[in-house]
Amino acid sequence: MNSNLYALIGLVVAVCFIMALKGLSAPKSARRGNLIGAFGATVATLSVFFAPGAQHHNTLAIIIAVAFGVIVGVPAARKVQMTQMPQLVALFNGVGGGAAALVSIVEYLSPHEKNTAATIATVFTVVVGSISFSGSVITFLKLQEIMTTRPVVFPGGRFVIAATLIGTLGTAVWVVHSGGNTPLLILGLLSLLFGVLFVLPVGGADVPIVISLLNAFTGLTVAAGGYVLNSTLLIVAGTLVGASGTILTRLMAAAMGRSLFGTLFGAFTAKPQDVAAAGEARPVKSGSPDDVAILLNYAQRVVIVPGFGLAVAQAQHTVRELADLLTAKGIDVAYGIHPVAGRMPGHMNVLLAEANVPYEQLVEMEEVNPTFPQTDVVLVVGANDVVNPAAKTTPGCPIYGMPILDVSQAGNVIFLKRSMRPGFAGIENELLYDAKTTLLFGDAKESLTKVVNSLKAL
Amino acid sequence: MSSIVILTIFVLSVFIGFEVVSKVSTTLHTPLMSGANAIHGIILFGAIMVADKSTTTLTTSLSIAAIVLATVNMVGGFVVTDRMLEMFKGKGGKK
């Protein structure tokens with residue numbers, strides 16, 4: 001292929017990616033934006049086979065590898081439950097970072113003259129790509145709840161992290177200086193370790209921010225890889241993701257009321273927490289589905305606060321049935337959606353959209369909070385951290401400073417919970433012991449079905 | 001390519017990246033993150049580039065591994081983003 005034509009295709013693909021990101025930032029154009037991005041990526045992948053100066057080595061192996069990647073990636077993306085989507089995104093991000101690091105390593109190992117600038121870019125790719133890979137694996141394990149969602153802090157942890165960081169930087173200098181292969185291997189391993197140590201102390205509630213940040217990291221890794229390979233397209237695409245990812249991370253942190261700095265350097269500042277000092281059995285008021293139905297039946301305004309537990313129990317449809325029933329009785333029903341309800345910003349909107357909940361009933365936190373004093377009953381379905389007053393009252397707890405839904409202002413609060421187990425952030429919720437709180441234990445879907453049946457009988 | 005050209009491309013891309021997402025609503029944070037995630041799967045382009053000229057067993061195996069990982073990132077990323085966005089349409093509401 002003519003090299004100008006090839007460069008032109010690269011330009012078209014870069015424009016596709018800009019339009020994709022632009023499209024994704026508005027609801028109307030989002031789906032089309034994503035398809036434009038996919039189109040651009042496909043064109044780019046096909047064009048590389050016809051690159052000027054292509055050697056056509058390993059073509060069959062390349063095609064088989066791509067096919068294998070598709071066979072792994074597509075079913076994973078299609079079959080994943082919407083509730084588990086955040087960890088899948090984390091995993092996809094991690095493998096991308098790993099791929100970028102491998103590409104730079106291959107280029108480094110190939111016989112050609114090494115110049116210092118390219119070696120520095122290689123070092124950057126290996127370090128950040130490896131951090132992104134191992135860090136994403138840890139976020140996956142946290143979100144999948146294979147490992148604890150609490151911050152993992154061990155004595156002297158910050159010194160271990162600092163030592164790893166210094167070791168990584170030292171090895172980076174060594175690689176640039178010597179140009180050898182062994183130092184690069186050591187550098188990769190140290191970076192993998194640093195990625196693990198970096199994410200371990202992050203608490204459950206902050207994991208989405210970390211995923212977003214690692215996403216931006218991978219973007220920058222790809223850009224540096226583009227420098228190594230002398231590819232404008234990779235530089236542009238990687239930088240776009242790096243820049244937009246950084247902004248997105250800041251927006252997310254702002255929506256959750258978290259400081260980005262605090263999240264990132266949690267590794268250096270986190271102290272071992274006193275774990276649930278008051279773990280004693282305290283009296284709570286639990287009610288039957290009939291009690292709940294009666295409370296709801298005589299209410300004038302009901303706000304439903306859905307949380308991750310609702311999604312886990314697949315109770316979206318049942319909760320909609322309940323809302324429809326109440327609306328039919330002339331009761332004003334709204335859903336109070338916390339920005340990070342679920343696991344990531346906007347996650348709950350996706351989950352409720354899946355159950356065809358009308359969009360007008362979904363009310364954002366800022367709008368719903370002032371209405372709680374006029375609300376008779378708040379039904380908290382499988383949520384905990386987003387209504388936990390500790391975010392306001394307990395400085396030093398992992399969610400302190402996060403804006404919450406002020407459900408305690410309402411007349412009655414009903415919690416549908418499986419157990420007294422604390423939420424994702426692992427903190428006790430004082431509201432559960434409040435006098436106006438009623439607890440209905442059990443699987444959210446079963447409990448809701450019982451409530452719906454008793455409501456129908458009333 | 002000269003370093004100054006590369007720097008120019010880099011800086012301009014940073015500004016475009018900042019600009020295009022600066023007004024996104026919280027509702028779309030998750031799909032946008034996922035879409036951006038798919039876009040950096042374009043490292044597949046680079047992975048194929050290095051595999052294409054690789055002649056030793058070591059570099060070939062590493063680049064083939066990179067191709068598999070990058071394909072999972074890119075294809076999986078776009079598919080899962082599309083699935084998410086599919087749910088935003090066809091509702092009675094304003095979106």
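Reply: In this predicted model, chain A and chain B are joined by 2 salt bridges, a salt bridge being a side-chain nitrogen of Lys or Arg within 4 Å of a carboxyl oxygen of Asp or Glu. One of them pairs Asp82(B) with Arg31(A), whose closest N and O atoms are 2.8 Å apart.

Me: Which classes of residue make up the side of chain A that touches chain B?

Reply: That side of chain A has 64 nonpolar, 26 polar and 8 charged residues, where Ala, Val, Leu, Ile, Met, Phe, Trp, Tyr, Cys and Pro count as nonpolar, Asp, Glu, Lys and Arg as charged, and the others, Gly among them, as polar.

Me: How is the size of such an interface expressed?

Reply: It is often given as the accessible area lost when the parts come together. Here chain A and chain B bury about 8,100 Å² between them, 77% of it on carbon and sulfur atoms (1.4 Å probe, summed over both parts). The contact, meaning heavy atoms within 4.5 Å, draws 98 residues from chain A and 80 residues from chain B.

Me: Where in chain B does pLDDT stay under 50?

Reply: Where pLDDT, the predictor's confidence in each residue from 0 to 100, is low, the predicted coordinates should not be read in detail. In chain B this score stays under 50 over residues 90-95, although the chain averages 87 and 92% of its residues score at least 70. For the complex, the predictor gives an ipTM of 0.92 and a pTM of 0.80.

Me: What conventions apply?

Reply: Local features need pLDDT of at least 70, and side-chain atom pairs count only at pLDDT 80 or more, while totals for chains, interfaces and linings use all residues. Residues are numbered from 1 along each chain as its sequence is written, chains are lettered from A and ligands numbered from 1 in the order in which they are written, and side-chain values use heavy atoms, with hydrogens and water left out.

Key:
Buried area is the accessible area (1.4 Å probe) that two parts lose on being put together, summed over both.
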